[in-house]
Amino acid sequence: MNKGIYVFTTQKVMIEKKPILKIVCDEDGDWQFFAKNDLPTSQNALLVSLDEILQMDKNLETIISQLSIGQFAYRKDVLSTWKIEDLQ
């Protein structure tokens with residue numbers, strides 16, 4: 001995967017440094033990374049490189065490689081196992 005691509009996230013992830021608990025690869029192939037109870041708005045949404053996300057948690061690379069377009073992965077906390085589902 002190209003680590004230079006831009007992905008969507010929020011201030012909760014990048015500024016508050018909250019752990020990423022949900023990853024979405026939407027139908028357009030765009031990637032989104034969210035913390036717990038994180039809802040993106042025009043005020044808190046950020047566009048960053050995938051490399052910036054991976055610098056925060058190198059372990060995300062494994063789950064990202066398992067996701068296909070139209071799927072999302074989630075976990076309860078950083079110690080939990082990732083679960084993958086299709087977007088509805």
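**Figure 1. Leu 47 counts as exposed, at 53% relative accessibility.** The model shown here is predicted. Leu 47 belongs to strand β4, which covers residues 45-49. With Tyr 6 and Phe 8, Leu 47 makes a nonpolar surface patch. The area of this patch is about 350 Å². The cut-off for exposed is over 50% relative accessible area. Leu 47 has 53%, so this residue passes the cut-off.

**Figure 2. Leu 47 and Ile 63 are set 20 Å apart in space, C-alpha to C-alpha.** In sequence, 16 residues separate the two. Leu 47 sits in strand β4. Ile 63 is one of the residues that line the largest pocket.

**Figure 3. The largest pocket has a volume of about 150 Å³.** By class, the lining has 3 nonpolar, 3 polar and 2 charged residues. Rolling a probe the size of a water molecule over the atoms shows where empty space is left.

**Figure 4. Arg 75 and Asp 57 meet in a salt bridge through their side chains.** The distance is 3.5 Å, N to O. Arg 75 lies in the loop between β5 (71-74) and β6 (83-86), and Asp 57 in the loop between α2 (50-56) and α3, so the pair ties together parts that are 18 residues apart in sequence. Is Arg 75 buried or exposed? Its relative accessibility is 9%, so Arg 75 counts as buried. The cut-off for buried is under 20%.

**Figure 5. Lys 3 and Glu 61 form a salt bridge between their side chains.** The distance is 3.5 Å, N to O. The pair links distant parts of the chain, 58 residues apart. Lys 3 is in the segment before β1 (6-10), and Glu 61 is in helix α3 (residues 60-66). Lys 3 has 35% relative accessibility and counts as partly exposed. Glu 61 has 37% and also counts as partly exposed. A search of the whole structure finds 2 salt bridges. Side chains of opposite charge can pair when their charged atoms come close.

**Figure 6. Lys 17 has a positive phi although it is not a glycine.** The value is about 60°. Where is Lys 17 found? Its place is the loop between α1 (11-14) and β2 (22-25). At 54% relative accessibility, Lys 17 counts as exposed.

**Figure 7. Asn 37 has a positive phi in a residue other than glycine.** Phi is near 55°. Asn 37 lies in the loop between β3 (31-34) and β4. With 68% relative accessibility, Asn 37 counts as exposed.

**Figure 8. Ser 68 is in the loop between α3 and β5.** Its relative accessible area is 41%, so Ser 68 is partly exposed. How many residues separate Ser 68 and Leu 21 in sequence? They are 47 residues apart in sequence. In space, Ser 68 and Leu 21 are 17 Å apart, C-alpha to C-alpha.

Note on methods:
Residues numbered from 1 in each chain as written. Predicted model: local features only at pLDDT ≥ 70, side-chain atom pairs only at ≥ 80, totals over all residues. Heavy atoms only, no water. Patch = residues over 30% accessible without salt bridge, like charges linked within 9 Å, V, L, I, M, F, W, Y side chains within 5 Å. Areas by Shrake-Rupley, 256 points an atom, 1.4 Å probe, with all protein chains shown as cover. Salt bridge = Lys/Arg side-chain N within 4 Å of Asp/Glu carboxyl O. Helix = DSSP H or I, 4+ residues; strand = E, 2+ residues; numbered from the N terminus. Buried < 20%, exposed > 50% of the residue type's maximum accessible area, 1.4 Å probe, protein only. 1 Å grid on protein atoms, 1.4 Å probe; cavity = no way out; pocket = protein on both sides within 12 Å on 5 of 7 lines; lining within 4 Å. Points joined across faces, edges and corners; volume = space filled by probe spheres on them. Nonpolar A, V, L, I, M, F, W, Y, C, P; charged D, E, K, R; others polar.
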